[in-house]
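Please brief me on this protein chain. Keep it brisk, and group the points by topic.

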Amino acid sequence: MSTHAEDDVIASVSIEGSPASSSAAPAPNADRAVASRTRTFDTRRLSRDFADQDAFLYLEDFLAPEVTAQLVQSARGLLDEVNRNYLPGHKQGGSVSRHTIDRLAPFIAELYRSKELIGWLEQLSGDKLQVSPADDPHAYALYYYTRAGDHIGWHYDTSYYDGRRYTLLLGVIDESSCRLDYELHTRNADVPDQPGSVQIPPGGLVFFDGDKLRHRITPAGANEMRVSLTFEYVTDPNMRPWRRFISNMKDAIAYFGFRQVFRQMTKRGKDHA
Ligand SMILES: [Fe+2]
């Protein structure tokens, strides 16, 4: 059956990336590693590019090599933790939520909170950015495209918060034909829509305002593997209760499963009991 073939692919990838090959490398210092790269960029020019592209930027080579190596090691090490989802006609793939990352890959959480990283993204966007609340599973998450047909259809990263929601997408593993297709200016009636498409290599970056960029990930082929890391930052972390409900249901069904999404809520409920 095809299921077995798919499992074989994952198993072989897992063995190939076993910690034995990379366990010697300690986790880098996130702030220092980010600063080592951002100080080489012309951030003022990139900020102009970001604005000209209606709050979108792609950089092929962003992360320091030691950070990319650490992320690759984590992504392979977390293969057993992947939660698979299938929404007919829209989405098929796997994800690992922040709650699992906190337990098993704390460097990713450190990178997410890096003051150097947030400060640089603030310069790009011109917005004051905050990390997402502790119960938001999208705050940082890994997305896995490991089976033929894994993809996500056209969508926006809609903000359910009172403020804007920015997505930072980092390439981790790309042994695939998947592309990020996107359309700029779709929310701006005065500017024609501008389509684009990129294949994000390990260490590459895409940064955008989730409500402005229409985008999709095209389907993976057989025996392919793609893993990306996304960070979500917000300008106002408040969320109306009914929006919180919609957001939680969407996350439970489309991404992380009910156990992960409602875990925090249940914990909170118990704390209050
Ligand atoms: Fe998205």
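Helix H2 (residues 30-38) packs against helix H7 (residues 115-125) at an angle of about 35°, with their axes 7 Å apart. From H2, the contact uses Asp 31, Val 34, Ala 35 and Thr 38, and from H7 it uses Lys 115, Glu 116, Leu 117 and Trp 120. By class, that contact has 4 nonpolar, 1 polar and 3 charged residues. The model is predicted: local features need pLDDT of at least 70, side-chain atom pairs count only at pLDDT 80 or more, and totals for chains, interfaces and linings use all residues. Residues are numbered from 1 along each chain as its sequence is written.

**Terms for the helix pair**
- Helices (H or I, at least four residues) and strands (E, at least two) are DSSP runs, numbered from the N terminus.
- Axes are lines fitted to C-alpha atoms, for helices over the stretch in contact, and angles run from 0 to 180 degrees between N-to-C directions.
- Two residues are in contact if their C-beta atoms, placed from the backbone, lie within 7 Å.
- Ala, Val, Leu, Ile, Met, Phe, Trp, Tyr, Cys and Pro count as nonpolar, Asp, Glu, Lys and Arg as charged, and the others, Gly among them, as polar.

**The whole chain**
- The chain has 9 helices and 12 strands.
- Of its 273 residues, 36% count as buried (20 or more other C-beta atoms within 10 Å of the residue's own; exposed means 12 or fewer, partly exposed in between).
- Among contacts with a separation of 6 or more, 84% join residues 24 or more positions apart.

**The core**
- The largest nonpolar core has 56 residues (a set of buried Ala, Val, Leu, Ile, Met, Phe, Trp, Tyr and Cys joined through C-beta atoms within 7 Å).
- Leu 121, Leu 142, Phe 207 and Val 227 have the most contacts inside that core.
- Leu 121 touches Leu 129, Tyr 166, Leu 168, Phe 207 and Tyr 233, leaving aside residues up to four places away in sequence.

- Helix H4 (residues 65-77) has 13 residues and should span 18 Å at 1.5 Å a residue (1.5 Å times one less than the number of residues).
- The end C-alpha atoms of H4 are 18 Å apart, which agrees.
- Buried residues in H4 include Val 67, Leu 71 and Ala 75.
- In helix H8 (residues 241-256), the buried residues are Asp 251, Tyr 255 and Phe 256.
- Gly 257 follows H8 and has a positive phi, near 90°.

**Strands**
- Strand S8 (residues 180-184) has a covered face of Leu 180, Tyr 182 and Leu 184.
- Its uncovered face holds Asp 181 and Glu 183.
- In a regular strand the side chains alternate between the two faces of the sheet.
- S8 pairs with strand S9 (residues 194-198) in the antiparallel sense over 5 bridges (strands pair if DSSP finds at least two bridges between them).
- Leu 184 stands opposite Gln 194 in S9.
- S8 also runs antiparallel to strand S11 (residues 214-217), joined by 4 bridges, and Leu 180 stands opposite Ile 217 there.
- Strands S2 (residues 83-87) and S3 (residues 91-96) form an antiparallel pair over 5 bridges.
- S2 and S3 make a hairpin with 3 residues between them, and Gly 89 in the turn has a positive phi of about 80°.

**A buried glycine**
- Gly 204 sits in the loop between S9 and strand S10 (205-209).
- Why does Gly 204 count as buried? Because 22 other C-beta atoms lie within 10 Å.
- Gly 204 and Phe 62 are 142 residues apart in sequence but 5.2 Å apart in space, C-alpha to C-alpha.
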